[in-house]
Amino acid sequence: MTMKALYKNPIAIILIVLAVAVFVYFEEQLPAIDLSNLNTANVIAVLSYLSVVMLVVEQCIEIFVDDPNEKEKLRCKDRIADINKVLEKLDKATETPIMDEVPSIEEPEELQTKEVAKMMKEKKELEEFLLTRGLKRQRRTTIIAFVLGLALSFSGLRLMSGILFNGPEEALSKIQITMIQSIDIILTAGIIAGGSGRVHRLIKRIKQATSGVGSISSL
């Protein structure tokens with residue numbers, strides 16, 4: 001499946017060929033990176049520290065970035081809650097009237113069906129409105145979080161540097177240091193923009209994987 005996807009994407013093939021050509025050309029200046037400092041405890045520690053930074057960024061965005069549709073969203077949520085209550089009462093009711101805006105059970109069944117269909121349509125429209133505004137809000141906050149992440153990365157907060165390189169980088173060539181730092185800045189900013197929830201799930205998976213490996217090795 002992966003090979004078929006590559007064949008259908010000529011840009012990916014061009015990038016792969018270009019990457020191989022660059023590596024062959026700079027092979028002497030791109031020695032293998034020493035990963036002896038890479039261990040599970042170090043990875044979890046760096047990710048945990050980064051998740052704290054993400055929480056700070058998220059709280060900063062929530063406090064300082066205003067949502068112009070907040071009142072409208074609250075009104076829509078309240079209206080959806082009212083519609084749900086009415087529909088629930090209609091399901092349970094047999095003889096008593098429900099609300100002034102809703103026909104009683106004693107009225108013709110056809111009229112009740114029209115009213116229910118009308119409320120269901122209104123509920124769907126409100127939910128679509130909330131979903132659309134929610135996605136716009138999410139895109140906006142993601143862009144702001146990415147910008148803040150870039151600022152933090154340029155200031156010195158780096159993910160790969162904390163995980164892969166604990167010691168001096170004299171063993172690396174100047175090209176490697178430039179490439180790694182450039183990728184590290186974008187990668188760290190992207191992870192910060194992704195939110196702390198995903199990092200927490202990643203840390204949990206790493207702990208589960210390492211505990212599983214430990215139990216297997218003990219056998």
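Let's start with the largest pocket, which has a volume of about 350 Å³. A pocket here is an open set of points on a 1 Å grid over the protein atoms alone, where a 1.4 Å probe fits and protein lies on both sides within 12 Å along at least five of seven lines. The volume is the space filled by probe spheres set on those points, which are joined across faces, edges and corners.

Before I go on, a word on the model: it is predicted, so local features need pLDDT of at least 70 and side-chain atom pairs count only at pLDDT 80 or more, while totals for chains, interfaces and linings use all residues. Residues are numbered from 1 along each chain as its sequence is written, and side-chain values use heavy atoms, with hydrogens and water left out.

Back to the pocket. Its lining, meaning residues with an atom within 4 Å of a point, has 13 residues, and Glu 58, Gln 138, Thr 141, Thr 142 and Ala 193 lie nearest the centre. Which helices supply at least two residues each of this lining? They are α3 (40–64), α5 (109–155) and α7 (174–194), and α5 gives the most, with 5 residues. By type, the lining divides into 4 nonpolar, 5 polar and 4 charged residues.

Now the overall fold. The protein chain has 8 helices and 0 strands, taken as DSSP runs numbered from the N terminus (helices H or I, at least four residues; strands E, at least two). Of its 219 residues, 28% are buried, where buried means under 20% relative accessible area, exposed over 50%, and partly exposed in between, with a 1.4 Å probe and protein chains only. Contacts, by the way, are heavy atoms within 4.5 Å. Among those with a separation of 6 or more, 78% join residues 24 or more positions apart.

On to the inside. The largest nonpolar core has 23 residues, and Leu 47, Leu 50, Val 57, Leu 159, Ile 163 and Ile 192 touch the most other members. Such a core is a set of buried Ala, Val, Leu, Ile, Met, Phe, Trp, Tyr and Cys residues joined through side-chain atoms within 4.5 Å. Two or more residues come from each of α3, α6 (159–164), α7 and α8 (196–218), with α3 giving the most, 9 residues. Apart from this core lies another, of 9 residues, including Ile 83, Met 119, Leu 126 and Leu 130. Take Leu 159 as an example: beyond four places in sequence, Leu 159 touches Val 46, Leu 47, Leu 50, Asp 184, Leu 187, Thr 188 and Ile 191.

Let's move to helix α8, where we find Ser 196. Buried or exposed? Ser 196 counts as buried, because its relative accessibility is 6%. Leaving aside neighbours within four places, Ser 196 is in contact with Ser 51, Met 54, Leu 55 and Glu 58. Ser 196 and Val 53 are 143 residues apart in sequence, yet 8.5 Å apart C-alpha to C-alpha. Gly 197, also in α8, is partly exposed at 34%, and its C-alpha atom is separated from that of Leu 55 by 9.1 Å.

Last, the cysteines. There are 0 disulfides, a disulfide being a pair of cysteine sulfur atoms within 2.5 Å. Cys 60 is partly exposed at 30% relative accessible area, whereas Cys 76 is buried at 1%.

Methods
Nonpolar A, V, L, I, M, F, W, Y, C, P; charged D, E, K, R; others polar.
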